[in-house]
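I opened this notebook to record what I looked up in the structure shown below. Each entry takes up one topic in turn.

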Amino acid sequence: MPPKPRTNWALWGKMLGAGAICCIGGPALVIWVSPTEEELFQKYNPELQKRSLENRLQKQEDFDHFAMKLREYSKSDRPIWVAAEQDERKTRDGKIAEQAKLIEEMRKRKEEMRNDGIKPVPGGSL
């Protein structure tokens, strides 16, 4: 019977140490090196800082609206992307109908002006 091979504990210790350094030290280094949001904001030029502060409320409202829509979509039994697509299609159809109504109203106004003998201004809209 051949002799039992010896376990090289030093090699295993080095491998475990190197693995721990890579798995723990790598993310720790990234966190330590990455700047915070405040540090990034301070590096903006003053004009960008002012614009960012002005748009902050609008962006937050947009995100809240987006989150509420996602909650609404998740309540249905359909996948979220299908519910979002149907809502988008409904919104788009509503806008198209509204534009068609405005065009029809403008056409009626022009027709009334023609019947009254008033010439419409070219390129102008009422």
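Predicted model: local features only at pLDDT ≥ 70, side-chain atom pairs only at ≥ 80, totals over all residues.

I began with Arg 92 and Glu 88, whose side chains meet in a salt bridge at 3.8 Å from N to O. I counted as a salt bridge a side-chain nitrogen of Lys or Arg within 4 Å of a carboxyl oxygen of Asp or Glu. Both residues belong to helix 4, and they stand 4 residues apart, about one turn of the helix. For helices I took DSSP runs of H or I with at least four residues, and for strands runs of E with at least two, numbered from the N terminus. I noted Arg 92 as partly exposed, at a relative accessible area of 41%, and Glu 88 as exposed, at 51%. Here buried means under 20% relative accessible area, exposed over 50%, and partly exposed in between, with a 1.4 Å probe and protein chains only.

Residues are numbered from 1 along each chain as its sequence is written, and side-chain values use heavy atoms, with hydrogens and water left out.

I found 7 salt bridges in the structure. One of them joins Lys 69 to Asp 87, with the closest N and O atoms 3.3 Å apart. Lys 69 is in helix 3 and Asp 87 in helix 4, so this pair ties together parts 18 residues apart in sequence. I noted Lys 69 as partly exposed at 23% relative accessibility, whereas Asp 87 is buried at 12%. Another salt bridge brings together the side chains of Glu 111 and Arg 114, at 3.8 Å from N to O. These two are 3 residues apart in helix 4, which means about one helical turn separates them. Glu 111 is partly exposed at 36%, and Arg 114 is exposed at 54%.

How far does helix 4 reach from its first C-alpha to its last? Helix 4 covers residues 80-116, 37 residues in number, and reaches 54 Å, close to the 54 Å expected at 1.5 Å a residue. The expected span is 1.5 Å times one less than the number of residues. Its buried residues are Ala 83, Asp 87 and Met 113, and what covers them includes helix 3 (46-75), by contact of heavy atoms within 4.5 Å. After helix 4 comes Gly 117, with a positive phi near 90 degrees.

Which residues form a nonpolar patch on the surface? I listed Phe 63, Phe 66, Leu 70, Ile 80 and Trp 81, with about 570 Å² of accessible area together. Helix 3 and helix 4 are the elements that give two or more residues to this patch, and helix 3 supplies the largest share, 3 residues. Phe 63 lies in helix 3 and is exposed at 54% relative accessibility. Patch residues have over 30% relative accessible area and no salt bridge; like charges are joined within 9 Å, and nonpolar side chains (Val, Leu, Ile, Met, Phe, Trp, Tyr) within 5 Å. Accessible areas come from the Shrake-Rupley method with a 1.4 Å probe, and for residues only the protein chains shown count as cover.

With a disulfide taken as a pair of cysteine sulfur atoms within 2.5 Å, the count comes to 0. Cys 22 is in no disulfide, and the nearest cysteine sulfur, that of Cys 23, is 6.5 Å away. I noted Cys 22 as exposed at 58% and Cys 23 as exposed at 61%.
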